[in-house]
Amino acid sequence: MIEEKEFYWKLLDMLKDGVYFADRQRKVTYWNKAAETITGYKSGEILGIHCSDNILVHIDEEGNNLCTGMCPLARCMETGETYDKRIFLHHKDGHRVPVLVRVSPVHGSTKDEVVGAVEIFTDLSSREPQLEHIEEREHERFLGRTTGLPTQQYMEASLNLKLMEWKEFKHPFGVFRVKTGGLEKVKSEHGEQTYETALKILGTTLVHNINASDIVGEWSAEEFLGIVNHGNPEKLSRKADTIRILMEKSRFSKSGPPISLDIKVRTVIAQPGETLESLLKKTED
């Protein structure tokens, strides 16, 4: 029996999706290797804790905290039904990771007896494709020292290329500009290291939450710029709202009170006759 259980544990460790089990008290009893990779938390840090302890700080697209209330796991055990939901978990390093969770009840000796639940979560982020896209060019001078994201010089070149494609081939695209109010206060009150950590976490959150074909990079010392490959203003506006919420919900310090920032995201869809100057002007307040 023990050998059979160990076989299944090894099988689950081979999956690319994160998997964990929880009992009726929402205490985590199993945490596979992919769950470690996606969240940054080793099994030894998770096993035995309760999901209501809020270590992963699951939130939805509106920024609602799911772990302290009737989360998909708790709802599944309450109703005995399977749930699917797109949420954003908190990585150990501080940034937000989009995941699709699928929660199913674990039954006891009878079908009506629910003794726990199993949650399978898939990483939906596009971080790896973007980083591979940058690394293929081997232009380290185009990567920011603190965030590791493309620099303003790289983003300007990318914008000019998109404008050329728009003019020649009518390929639509949009731009979003992120302004992070409050970082200077972070530097003065918490020091340079926390300031740089906050910048890196914000940048990483952005990279994890864009489409694989989009580009995001630095713009100014405390601003980011993104280029999206579509011309749908409603879709871009929804993306901007999600980005704002996720960046505001990121954690920049493991100790002390939470650090809050004022995140503003301005969106623009490129229009006929657009120039780099006119496009950027529209992203300003």
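Leu-202, Thr-205 and Leu-206 of helix H8 touch Ile-243, Leu-246 and Met-247 of helix H9, where contact means heavy atoms within 4.5 Å. Five of the residues in this contact are nonpolar, one is polar and none is charged; Ala, Val, Leu, Ile, Met, Phe, Trp, Tyr, Cys and Pro count as nonpolar, Asp, Glu, Lys and Arg as charged, and the others, Gly among them, as polar. Please keep in mind that this is a predicted model, in which local features need pLDDT of at least 70 and side-chain atom pairs count only at pLDDT 80 or more, while totals for chains, interfaces and linings use all residues. Residues are numbered from 1 along each chain as its sequence is written, and side-chain values use heavy atoms, with hydrogens and water left out.

**The helix pair**

- H8 covers residues 192-208 and H9 covers residues 233-248; they pack at an angle of about 145°, with axes 10 Å apart.
- Axes are lines fitted to C-alpha atoms, for helices over the stretch in contact, and angles run from 0 to 180 degrees between N-to-C directions.
- The H8 and H9 crossing is right-handed, meaning that the near helix is turned clockwise from the far one by less than a right angle.

- Eight antiparallel bridges link strand E6 (residues 174-181) with E9, and Lys-179 has Lys-264 in E9 as its bridge partner.

- Strand E1 (residues 18-23) is joined to E2 by three bridges, and Phe-21 has Tyr-30 in E2 as its bridge partner.

**The whole protein**

- There are ten helices and nine strands, taken as DSSP runs (H or I, at least four residues, for helices; E, at least two, for strands) numbered from the N terminus.
- Of the 285 residues, 46% are buried, that is, under 20% relative accessible area with a 1.4 Å probe, protein chains only.

Note on methods:
Buried < 20%, exposed > 50% of the residue type's maximum accessible area, 1.4 Å probe, protein only. Pairing = 2+ DSSP bridges.
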